[in-house]
Amino acid sequence: MSTTNDSALMRQHGGDEPWKKPCARLRGMAGGEVLGSGAFLRYWRAAAVSGLGGYVTLFALQALVVLVLHGSATDVGWLNAARWLPYLLFGLIVGALVDGRRRLPLMVGADLVQAVLLLVAPALWWLDALSLPALLVIVMAYGTASVINGAATMAFLPRLIPPADLQPAHARIDGADAVASTAGPALGGLLVSAVGAPLAVVLDSLTYVYSAFTLRRIALDEPPPRTGVTVRGLLAEIGEGVRWAYRGSGLATIAVATHVWFVGNAIVGVVLAPYILRTLDLTAFQFGLAGAAGGVGAVVGAAVTTRVGRRLGTGRTIILCYGITTLGVLVMVLAGQGLAAVAAFAAVVVGQGLYGLPLGMSNSHEMSYRQLVTSDELQARTNTTLRSINRAVAMLIAPIAGVLADAWGIRPMLLLAAAVFALVGTALAATPFRVVRAPV
């Protein structure tokens with residue numbers, strides 16, 4: 001595999017810089033002024049608040065499966081698979097449709113749909129009708145709305161922010177996400193302990209309502225939607241997006257590395273809840289605190305990522321993150337090696353902190369690099385194509401990981417995840433991507 005430098009990639013796609021048209025009223029601002037503008041702050045607040053609710057829900061759904069529905073690691077795997085299945089089914093289509101639509105109205109509408117869907121699980125629980133199949137249907141519908149929301153949200157940011165500010169903007173968004181990932185699991189653990197997992201999901205519903213009304217206050221002119229779209233034309237647009245993502249853009253190297261990273265992350269996502277709650281016999285609140293430690297690590301990562309990127313470059317920063325992720329999983333494995341309860345909990349907390357650190361560091365560099373080399377009319381297709389494959393990997397691996405964890409044991413699966421992370425970091429370091437340096 002090969003890659004080219006970012007200036008060459010920009011030349012390949014032309015020098016029109018389509019972001020200047022929708023962002024014309026922001027031109028002349030310094031980077032700090034753009035990131036401090038009312039439009040970006042509303043975008044940021046909406047993401048931060050709904051992100052907090054999302055982490056509460058993610059925790060609550062896993063705890064619900066294990067503690068309320070008395071599910072196994074296999075059941076958690078099916079839950080995660082249902083969450084990602086819509087990306088596999090609809091991701092490519094959604095990307096092509098979003099590229100031809102105004103993105104802000106889609107974001108608002110998807111937020112409101114997600115808010116309504118998240119009220120269904122508590123309602124079924126209240127009626128004593130909640131089951132794993134019903135929960136999987138709800139999660140699939142919620143995931144479908146998430147596909148639309150994610151495609152529109154990521155494609156909207158380059159219309160709001162000039163290219164030079166994309167990496168700092170992503171870092172600021174990642175910082176908010178890191179804070180949410182810190183507070184969310186702890187709050188989720190507290191809510192699950194106090195009122196039960198189903199009612200904890202209600203918080204997320206309210207955060208999506210807040211996000212929708214906050215986004216509605218953004219005033220930004222967007223290009224008019226395309227009309228007269230045919231099935232043949234839509235298929236052609238999907239093909240154009242796939243070809244650009246894996247051939248014309250030079251993004252194939254980091255794209256494949258990220259796909260493989262999702263294999264390891266899917267394994268960790270499936271086995272972590274039963275590992276902490278059953279193997280280590282920790283409480284739901286301790287589970288939440290361990291997750292909060294991951295959020296603290298992500299906060300630190302997001303805070304230092306721009307400086308690290310300027311020093312090491314985009315490629316080396318992302319490769320470093322794979323190494324830290326590997327170390328974090330190995331530390332969590334140590335928690336199950338006959339340690340006392342206090343020591344095991346401490347090891348999980350440290351491991352989660354190390355696991356979260358690269359999550360806060362790497363995303364802003366990968367996302368900004370991807371958006372810098374992609375024109376406005378291909379933003380949604382590029383992001384959604386790559387995200388769909390990532391989620392498809394997670395969807396396929398999650399149930400397999402659950403079955404293998406029940407058959408082989410959870411600690412061997414954690415070691416397998418660590419091996420995957422180490423392998424992809426080593427392979428990426430052997431490619432020319434290691435010297436990529438996007439402007440930050």
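Not counting residues up to four places away in sequence, Ser 146 touches Tyr 87 and Gln 114, where contact means heavy atoms within 4.5 Å. The structure is a predicted model, in which local features need pLDDT of at least 70 and side-chain atom pairs count only at pLDDT 80 or more, while totals for chains, interfaces and linings use all residues. Residues are numbered from 1 along each chain as its sequence is written, and side-chain values use heavy atoms, with hydrogens and water left out.

Ser 146 sits in helix H7 (residues 132-160); helices (H or I, at least four residues) are DSSP runs numbered from the N terminus. With a relative accessible area of 16%, Ser 146 is buried, a term for values under 20% (1.4 Å probe, protein chains only). Its side chain makes a polar contact of 2.8 Å with the side chain of Gln 114. Such a contact is a pair of N or O atoms within 3.5 Å; within protein, one must be able to donate a hydrogen and the other to accept it, and residues adjacent in sequence count only if both atoms are side-chain atoms.

Turning to the rings, the structure holds 8 aromatic pairs. Rings of Phe, Tyr and Trp (its six-membered ring) pair if their centres lie within 6.5 Å, with planes under 30 degrees apart called stacked, over 60 edge-to-face and the rest tilted. Trp 261 and Phe 262 have ring centres 5.0 Å apart and planes at 80°, so this pair is edge-to-face. Trp 261 also forms a tilted pair with Phe 421, at 6.1 Å centre to centre and 45° between the planes. Because Trp 261 lies in helix H11 (residues 252-279) and Phe 421 in helix H16 (residues 410-429), the pair ties together parts 160 residues apart in sequence.

Definitions and conventions: Helix = DSSP H or I, 4+ residues; strand = E, 2+ residues; numbered from the N terminus. Buried < 20%, exposed > 50% of the residue type's maximum accessible area, 1.4 Å probe, protein only.
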